[in-house]
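Student: Could you show me how to read a new structure, one feature at a time?
Tutor: Gladly; let us look at it together.

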Amino acid sequence: MFDRYKTGEQAVLVHIYFSQDKDTEDFSEFESLVSSAGVEALQVVTGSRKAPHPKYFVGEGKAEEIADVVKASGASVVLFNHSLSPAQERNLERRCECRVIDRTGLILDIFAQRARTHEGKLQVELAQLRHIATRLVRGWTHLERQKGGIGLRGPGETQLETDRRLLRDRISLILRRLGRVEKQREQGRRARTRADVPTVSLVGYTNAGKSTLFNRMTSAGVYAADQLFATLDPTLRRISVADVGDTVLADTVGFIRHLPHDLVAAFKATLQETRQASLLLHVIDAVDIRVNENMEAVNTVLAEIDSDEIPTLLVMNKIDMLDDFVPRIDRNDENLPIRVWLSAASGEGLSLLYQALTERLSGEIAHYELRLPPQAGRLRSRFYQLQAIEKEWNEKDGSIGVVVRMTSVEWHRLCKQEQSLIHFIV
């Protein structure tokens, strides 16, 4: 009942239009989801309605049509591009005599296939358990179920109660494990905060090219493919940004329209990297005809996880698929970079992205004349490592005078570590 369908299974797809202007792009995205799940689409059933039918979601006649198509094609599953209630799923399964899975179940299945790390598998399992908790009853319709009460309780009802208790216990166990993972991540974040290491988090619609850009910037070798939800497990790598120094770059799961709330809740620990970021790189597929809708969907999820107030730099990706397009930086009225046009696949415009990161992360530049005592050799070496010394001379008392220029981030970091050795020349 709860096993995922095997790769290569055959399905009938159902998409209902609820507006007069038929949203064909939304259906093409659904087809991409089906393909990403490794399912072969035998036939497509479409229709139009003003509102969902309470019993079948589709009308009585359309439900009968779907059942006929399933029998004629020999499909073993019906996939809906909509969210179905548990009752609607049960009613459709009785009518079609096969499994019926909605959009949420399909996305959960893709996530289950892609999870690689222990944390990712726990998060997917949590989302799946929460999803099937309300659908548990349909797994036991073949058993006797009576009204209940003393002497009238049937074995089906007893089995349901047992399964619900096991589900609750398993969910509690997963939440405790994820709580420990979140504490570990929080310790890492606190250490980076103490060291003043900024975090840049890649966000964006699924298949926008985040992992390709991540690999281009870090040589991490993260799995990247032209399919939805190729990345599921978060990856962190250090990069070096001019005038900023070490910076943590985080690759995260892609967002999608109507992302199931169970998934957003389950991936809270992963999305915490986004919530704690110093800057968000919103990667956008510049050639997608639904670019504005995709951006809006991402912003909706960012608002759900309280990340909509974090400074954001837009990265317009895939310009190699546009005719005669030159990489560039778009700026606002304050001359601050707000948008970078590049190609993660070819590397065009990557230097412009690093330039924009420097401007967005460096903040103000610290410029001081200092006197370093003879015992400050390590501090002087740090200044040279940061390429911060503009001028240097020897003082009569054996100390060294230097003129340093560096970012405020690096300056405050050194002040914390070497405060007793820093003396200003008035």
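Tutor: Let us start at the end of a helix: just after H2, Gly74 takes a positive phi of about 75°. Helices (H or I, at least four residues) and strands (E, at least two) are DSSP runs, numbered from the N terminus. This is a predicted model, in which local features need pLDDT of at least 70 and side-chain atom pairs count only at pLDDT 80 or more, while totals for chains, interfaces and linings use all residues. Residues are numbered from 1 along each chain as its sequence is written, and side-chain values use heavy atoms, with hydrogens and water left out.

Student: How many helices and strands are in the protein?

Tutor: The protein has 13 helices and 15 strands. Of its 426 residues, 50% count as buried. Buried means under 20% relative accessible area, exposed over 50%, and partly exposed in between (1.4 Å probe, protein chains only).

Student: Which residues of H2 are buried?

Tutor: First, the general idea: an α-helix has 3.6 residues a turn, so residues three or four places apart point the same way. In H2, the buried residues are Ala63, Ile66, Ala67, Val69 and Val70. Seen down the axis of H2, they fall within an arc of 160°, so they line one face of the helix. The arc is that of the directions from the helix axis to the C-beta atoms. On the other side of H2, Gly61, Lys71 and Ala72 are exposed.

Student: What do the buried residues of H2 pack against?

Tutor: They pack against strands S1 (10-17), S2 (40-48) and S3 (77-80), and against helix H3 (86-96). Contact means heavy atoms within 4.5 Å.

Student: At what angle do H7 and H11 pack?

Tutor: Two packed helices are described by the angle between their axes and the distance between the axes. Helix H7 (residues 210-218) and helix H11 (residues 350-362) pack at about 85°, with axes 12 Å apart. Axes are lines fitted to C-alpha atoms, for helices over the stretch in contact, and angles run from 0 to 180 degrees between N-to-C directions. H7 and H11 are therefore roughly perpendicular to each other (65 to 115 degrees). Leu213, Arg216 and Met217 in H7 meet Leu350, Leu353, Tyr354 and Leu357 in H11.

Student: Where is Lys318 found?

Tutor: Lys318 lies in the loop between strand S9 (312-317) and strand S10 (328-331). Its phi is near 70°, a positive value in a residue other than glycine.

How values were computed: Parallel < 35°, antiparallel > 145°, perpendicular 65-115°, else oblique.
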